[in-house]
Amino acid sequence: MSSTTEASSTAGPPAGTKRGRPGYDQQSVLRIAVNVFNRHGYDATSMGILAENLGISKSAIYHHVPSKGDLLKLALDHALGGLEAILEQPEAASGAADARLEFVLRQTVSVLVNRLPFVTLLLRLRGNTEIERDALERRRTFDHKVAGLISAARDEGSLRDDIDPRTVSRLVFGMINSIVEWYKPGGSLSPERLADNIITMAFDGLHAQP
C-alpha cells in the first residue's frame with residue numbers, strides 16, 4: 001500500500017484538535033462519544049450520558065464542542081472523509097476499470113477497519129437529523145461512483161454483464177458493511193487477509209467466464 005493510501009486510512013480522528021479541560025482534548029472526547037453513540041444509539045444518548053462516560057460535567061463538554069450534533073458531524077466527517085479520499089487516489093482514477101474497482105474495495109475495507117467505530121456509527125444512521133441526512137447523501141454518492149466503476153468494468157468485458165451494476169454494488173457493500181458487526185481488530189484475521197477474502201469472494205463470482 002502506498003504512503004498516500006496509508007495516510008488516507010489512519011485511525012485517528014481529524015486534525016485540528018481543540019484543547020479543552022485538563023485530561024481531555026477534542027479527539028479523546030470524540031472517541032468516547034462515538035463509542036457511547038454506538039452503544040446506546042445517537043438519539044438515545046443525552047449530554048448527561050456522555051458526561052457520565054467521560055467522567056466530567058456536562059458544562060465541561062462544551063469546552064470541546066458546542067453540541068451533541070457537532071460531535072456527530074465530526075465523527076461522520078471522519079468516516080466519510082476516509083471513504084471519499086479513496087476515490088481521489090491515482091489507483092482509483094486511471095487504469096483498467098476492474099483494477100480500479102479492486103483497489104477501491106480493498107481500501108474501503110482498510111478504512112472500515114482503521115476507523116471501525118466511526119464507520120459503524122455511519123452505517124447505523126437513521127436519517128433523523130439534517131446532519132445524518134447529509135451524511136447519508138454523501139455515502140450514496142460514494143456508492144454510486146463505485147457502481148459506475150462496476151459498469152465500466154462490465155463494458156470493458158472484465159466483469160459479467162448479466163447482473164445490474166447497482167445490484168452488484170449493494171451486494172458487495174452489504175458484505176463489506178457486515179464487517180462492523182463481527183470483525184475484531186487485533187485478532188487472527190488481519191485486515192489484509194480480510195480484504196483478500198472479500199476480493200476473492202466478489203471477483204471470482206464477477207469475472208467474465210472464458
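In this predicted model, lysine 68 lies over the face of tyrosine 42, at 4.2 Å from the ring centre. Tyrosine 42 is buried, as is phenylalanine 37.

A pair of aromatic rings is described by the distance of the centres and the angle of the planes. The count of such pairs here comes to 3. In one of them, the rings of phenylalanine 37 and tyrosine 42 have centres 5.0 Å apart and planes at 75°, and because planes over 60 degrees apart count as edge-to-face, the pair is edge-to-face. Phenylalanine 142 and phenylalanine 173 also form an edge-to-face pair, with 5.9 Å from centre to centre and 65° between the planes. Since phenylalanine 142 belongs to helix H9 (residues 130-156) and phenylalanine 173 to helix H10 (residues 165-177), this pair ties together parts that are 31 residues apart in sequence. Phenylalanine 142 is buried, with a relative accessible area of 3%, and phenylalanine 173, at 4% relative accessibility, counts as buried too. Over the face of phenylalanine 173 lies arginine 139, at 5.2 Å from the ring centre.

Helix H9 also meets helix H5 (residues 68-86), for the axes of the two come within 10 Å and cross at roughly 5°; because angles under 35 degrees count as roughly parallel, H5 is roughly parallel to H9. On the side of H5 the contact includes Leu72, Leu76, Leu80 and Leu83 together with Lys73, Asp77 and Glu84, while H9 contributes residues including Ile131, Ala135, Arg138, Arg139 and Phe142. The residues of this contact divide into 7 nonpolar, 2 polar and 6 charged.

Notes. Residues numbered from 1 in each chain as written. Predicted model: local features only at pLDDT ≥ 70, side-chain atom pairs only at ≥ 80, totals over all residues. Heavy atoms only, no water. Phe/Tyr/Trp six-rings, centres within 6.5 Å; stacked < 30°, edge-to-face > 60°. Buried < 20%, exposed > 50% of the residue type's maximum accessible area, 1.4 Å probe, protein only. Helix = DSSP H or I, 4+ residues; strand = E, 2+ residues; numbered from the N terminus. Lys NZ or Arg CZ within 6 Å of the ring centre and 35° of its normal. Axes fitted to C-alpha atoms, helices over the stretch in contact; angles between N-to-C directions. Parallel < 35°, antiparallel > 145°, perpendicular 65-115°, else oblique. Contact = heavy atoms within 4.5 Å. Nonpolar A, V, L, I, M, F, W, Y, C, P; charged D, E, K, R; others polar.
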